[in-house]
Amino acid sequence: MDDELIVCRCEEVTAGEIRRAIRDGARDLSAVKRRTRAGMGLCQGRTCESLVVRLLCKELGLRAGDVAPASPRPPVVPVPFGAIGDPDEADH
Ligand code: FES
């Protein structure tokens, strides 16, 4: 995989940036995510996670099953106050 190849399309993270993160100490998906933002985009890693795992395996000499999955995070989206509770009920 060429260093210029975009691995995470959502966050525009290249293979070279991910390799650099691994060489700087990232040892799992969550660590790569924290250092590069790969996997934090709109698809939440559905598109790029398998490619990041491949890079981790190649750089660290691991098998795919050895790479711990990223800790899941719910997507953050704005919600109207009315979706959380009824403001009129606060008076009771
Ligand atoms: S392609 Fe990486 S988060 Fe979507």
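## Overall architecture

The protein chain contains 4 helices and 2 strands, in the order β-β-α-α-α-α along the sequence. Helices (H or I, at least four residues) and strands (E, at least two) are DSSP runs numbered from the N terminus. The model is predicted: local features need pLDDT of at least 70, side-chain atom pairs count only at pLDDT 80 or more, and totals for chains, interfaces and linings use all residues. Residues are numbered from 1 along each chain as its sequence is written.

## Nonpolar core

The largest nonpolar core has 18 residues, and those with the most contacts inside it are Val7, Ile18, Ile22, Val32, Ala38, Val52 and Leu56. Such a core is a set of buried Ala, Val, Leu, Ile, Met, Phe, Trp, Tyr and Cys residues joined through C-beta atoms within 7 Å; a residue is buried if 20 or more other C-beta atoms, placed from the backbone, lie within 10 Å of its own. At least two core residues come from each of strand S1 (6-8), helix H1 (15-23), helix H2 (29-36) and helix H3 (49-60).

Leaving aside residues up to four places away in sequence, Val52 touches Val7, Ile18, Leu29, Val32, Ala38 and Gly39. Contact requires C-beta atoms, placed from the backbone, within 7 Å.

## Packing of H1 and H3

The axes of H1 and H3 lie 10 Å apart, at an angle of about 50°. H1 is therefore oblique to H3. Axes are lines fitted to C-alpha atoms, for helices over the stretch in contact, with angles from 0 to 180 degrees between N-to-C directions; angles under 35 degrees count as roughly parallel, over 145 as roughly antiparallel, 65 to 115 as roughly perpendicular and the rest as oblique.

Key: A residue is buried if 20 or more other C-beta atoms lie within 10 Å of its own, exposed if 12 or fewer, and partly exposed in between; C-beta atoms are placed from the backbone. Two residues are in contact if their C-beta atoms, placed from the backbone, lie within 7 Å.
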